[in-house]
Amino acid sequence: SVIVVAFQPLYEQMANGQANLLLLVGVVLAVRLWAMGSMWSGVVLGLTAMVKPQFALLGLLWIHPTEWRHLGTAAATICVLELGALAVVGLDDWLIHLRYTRDFPCAYSLWILNISLRGLLFRLKGSCLADGFGDPMAIVTAAIGVAAIGILAWYLWTHPPTNISGRFRAASLILCTIYLVSPYTYDHHLTVLLMTFAGLALVTERPPE
């Protein structure tokens, strides 16, 4: 309680009912269970990705064949939940969500409170021609995002973590990339990065990478 009151973004989470505290718990639990070798880590990541789908990128932690069991568990969890949700709410609501994701509003890109890379580049341009990918700047930001994810995947493939601290560092790197490629980021969304900074503070010996 003291930490929540003392740290404004956490207090804002509690006041606004945002889901980012839940995401923080899900990410930390998934990585911790992975470090323990538990199959439940994939289930937890699947549940976390259902809160905000971009966090499915944490599946890059398991791109090596020795870790595919966790990746398969996460994928199976997402599939079961998606099919269940489809049965409950129907197809129309999912189509509305997919169209909204595809046609991301120009106004959100130009909004000064959007601190994402996309928001920064759109404001530097000073205008927006159309929602979604109707503006050339949207293509540029998408290309940057794909490149960032590709570099991240290559790095994790060539530098697999071998201990607990390395696994938390890898997860922290993915979290930073998620916010780099997300089209919309507000300050309280960065609550999940508390895990990153906590890890940097606690690990006294870090490799140059």
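This tour goes through a helix pair, a surface patch and a salt bridge in a predicted model.

**Stop 1: the helix pair.** Select residues 136-158, helix α9, together with residues 164-181, helix α10. Two packed helices are described by the angle between their axes and the distance between the axes. Here the angle is about 170° and the axes lie 9 Å apart. Angles over 145 degrees count as roughly antiparallel, and α9 and α10 are therefore roughly antiparallel to each other.

Now show the side chains where the two helices meet. On the α9 side, select Gly145, Ala148, Ile149, Leu152, Tyr155 and Leu156. Their partners in α10 are Ala170, Leu173, Ile174, Thr177, Leu180 and Val181. Of the residues in this contact, 10 are nonpolar, two are polar and none is charged.

Stop 2: Helices α5 (68-89) and α6 (91-102) each give two or more residues to the patch. The most comes from α6, with three residues, while Leu83 lies in α5.

**Stop 3: a salt bridge.** Side chains of opposite charge can pair when their charged atoms come close. The model has three salt bridges. Select Glu67 and Arg167, which form a salt bridge with their closest N and O atoms 4.0 Å apart. Glu67 sits in the loop between α4 (40-51) and α5, and Arg167 in helix α10, so this pair ties together parts that are 100 residues apart in sequence.

Note on methods: Residues numbered from 1 in each chain as written. Predicted model: local features only at pLDDT ≥ 70, side-chain atom pairs only at ≥ 80, totals over all residues. Heavy atoms only, no water. Axes fitted to C-alpha atoms, helices over the stretch in contact; angles between N-to-C directions. Helix = DSSP H or I, 4+ residues; strand = E, 2+ residues; numbered from the N terminus. Parallel < 35°, antiparallel > 145°, perpendicular 65-115°, else oblique. Contact = heavy atoms within 4.5 Å. Nonpolar A, V, L, I, M, F, W, Y, C, P; charged D, E, K, R; others polar. Salt bridge = Lys/Arg side-chain N within 4 Å of Asp/Glu carboxyl O.
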